[in-house]
Amino acid sequence: METTLYQSDYYTWVRQQAELLRAERFDDLDAAHLIEELEAMGASERRELTNRLTVLLMHLLKWQFQPARRGAAWSLTIRVQRMDIADLLNDEPGLKPEIPQALEKAYRKARLLAANETGMDEMTFPKQSPYSMEQTMADDFLPEGN
């Protein structure tokens, strides 16, 4: 099987595809791989949203369930993640319909990570997120301690 430029030199392939697009030489494009790459780019943005929500939710859980350990670092992480998520959603408004699924996936991970970081049993944390997306993103929301 012959190795394609896409397989052997991705960087050169990308530059070549961009040049072909600029020149409007659409028949010469590697359409199958371009489609694959565009889909991967969208998946990457969804993962970014889920990952940032995971970090935010984990810190909200730690804030709620370990009130004695609250500190400036947790508060800063919560604020920064909220800003980064807001920026991501502002830059990529097409992600907004993905929020419910991303929040659900993120909470499952956040629950496990919070249990690991706190040393608490996973069952200490609610099975479903106790925070709505509005609460999760609200600048003035920090959950009360248990």
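The exercises below concern a predicted model.

**Exercise 1.** Work out whether Thr-136 is buried or exposed, and what surrounds this residue.

Solution. 
1. Thr-136 belongs to helix α6, which covers residues 133-137.
2. Buried means under 20% relative accessible area. Thr-136 has 0% relative accessibility, so this residue counts as buried.
3. Leaving aside residues up to four places away in sequence, Thr-136 touches Leu-53, Leu-56, Leu-57, Leu-60, Arg-82, Leu-103 and Tyr-131.
4. A polar atom of the Thr-136 side chain lies 2.8 Å from the backbone oxygen of Ser-132.

**Exercise 2.** Determine which parts of the chain the pair Glu-122 and Arg-111 links.

Solution. 
1. The side chains of Glu-122 and Arg-111 meet in a salt bridge of 2.9 Å, N to O.
2. Glu-122 sits in the loop between α5 and α6 and Arg-111 in helix α5, eleven residues apart, so the pair links distant parts of the chain.
3. Glu-122 is partly exposed at 31%, whereas Arg-111 is buried at 6%.

**Exercise 3.** State how many salt bridges the model has, and which residues a network joins.

Solution. 
1. The count is six salt bridges.
2. Salt bridges with shared partners join Glu-48, Arg-52 and Asp-84 into one network.

Note on methods. Residues numbered from 1 in each chain as written. Predicted model: local features only at pLDDT ≥ 70, side-chain atom pairs only at ≥ 80, totals over all residues. Heavy atoms only, no water. Helix = DSSP H or I, 4+ residues; strand = E, 2+ residues; numbered from the N terminus. Buried < 20%, exposed > 50% of the residue type's maximum accessible area, 1.4 Å probe, protein only. Polar contact = N/O pair within 3.5 Å; in protein donor to acceptor, adjacent residues only side chain to side chain. Contact = heavy atoms within 4.5 Å. Salt bridge = Lys/Arg side-chain N within 4 Å of Asp/Glu carboxyl O.
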